[in-house]
Amino acid sequence: NAGVTQTPKFRILKIGQSMTLQCAQDMNHNYMYWYRQDPGMGLKLIYYSVGAGITDKGEVPNGYNVSRSTTEDFPLRLELAAPSQTSVYFCASGDSYNSPLHFGNGTRLTVT
Amino acid sequence: QQQVKQSPQSLIVQKGGISIINCAYENTAFDYFPWYQQFPGKGPALLIAIRPDVSEKKEGRFTISFNKSAKQFSLHIMDSQPGDSATYFCAASIGGYQKVTFGIGTKLQVIP
């Protein structure tokens, strides 16, 4: 049972480039989330989804886009990468009211 | 606006000692208060959680104390061990869509 799988683990982007961070879960969870983690800032919610075809903005959505075409996958798209998007990105999933979130191991992104 | 305030940001405890991390919240609609533990290079994982109708919850060496009137909750780690060295996040959420708000994290180091 893989849980939540994120790819790639590391990536270096040049300013202005774009990329997609992949996230897949095999637990049939309805809820999926993207967080970014910066030192001393905790985890900030970027986007979330409550089911296939339904997404909504979190606390820090600017510069990102998401889609949810299947229950399993929730990719995060960065368009026109900026240095401010240098961070560690975590995908998470959950299945019901107030159940624990299951996190992937993160993608460390550097934009230079 | 930081909805969940966590302190301290870093903590050094002697092996066998008690580690205490405090959190405070403003939104009285929060109805689920989990704590997550994160080791370097890994995603956060649920450690223990509490609901506001309970004042204390204990699981092994880990105890959550909850003060609803003061809007505060804390994590106590008894008999702290070097293996407990990690970053700890308190969090709060409102049921339903599970939009979890995290504190900024506490980096705990347990020294022999």
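The side chains of D38(A) and R36(A) form a salt bridge, with an N to O distance of 2.9 Å. A salt bridge here is a side-chain nitrogen of Lys or Arg within 4 Å of a carboxyl oxygen of Asp or Glu. The model is predicted: local features need pLDDT of at least 70 and side-chain atom pairs pLDDT 80 or more, while totals for chains, interfaces and linings use all residues. Residues are numbered from 1 along each chain as its sequence is written, chains are lettered from A in the order in which they are written, and side-chain values use heavy atoms, without hydrogens and water.

Over all chains, the search finds six salt bridges. One of them joins E59(A) and K44(A) at 3.6 Å, N to O. This pair links distant parts of the chain, 15 residues apart: E59(A) lies in the loop between β6 (54-57) and β7 (64-66) of chain A, and K44(A) in strand β5 (residues 42-51) of chain A. Strands are DSSP runs (E, at least two residues), numbered from the N terminus. E59(A) counts as partly exposed because its relative accessibility is 47%. In chain B, K57(B) and E59(B) pair at 3.7 Å, N to O. K57(B) is partly exposed at 34% relative accessible area. E59(B) is partly exposed at 39%.

At the interface, 23 residues of chain B are in contact with 24 residues of chain A, contact being heavy atoms within 4.5 Å. The area buried between the chains is about 1900 Å², of which carbon and sulfur atoms give 52%. Buried area is the accessible area (1.4 Å probe) that two parts lose on being put together, summed over both. On the chain B side, β4 (33-38), β9 (86-94) and β10 (99-102) each supply at least two residues.

The largest nonpolar core has 24 residues. Such a core is a set of buried Ala, Val, Leu, Ile, Met, Phe, Trp, Tyr and Cys residues joined through side-chain atoms within 4.5 Å. F33(B), W35(B), F73(B), L75(B), Y88(B) and L108(B) touch the most other members. β9(B) gives the largest share, four residues. Beyond its neighbours within four places in sequence, Y88(B) contacts residues including I21(B), L47(B), F62(B) and L75(B). A second, separate core of 19 residues includes I46(A), Y47(A), Y89(A) and V111(A).

Terms used. Buried means under 20% relative accessible area, exposed over 50%, partly exposed in between (1.4 Å probe, protein chains only).
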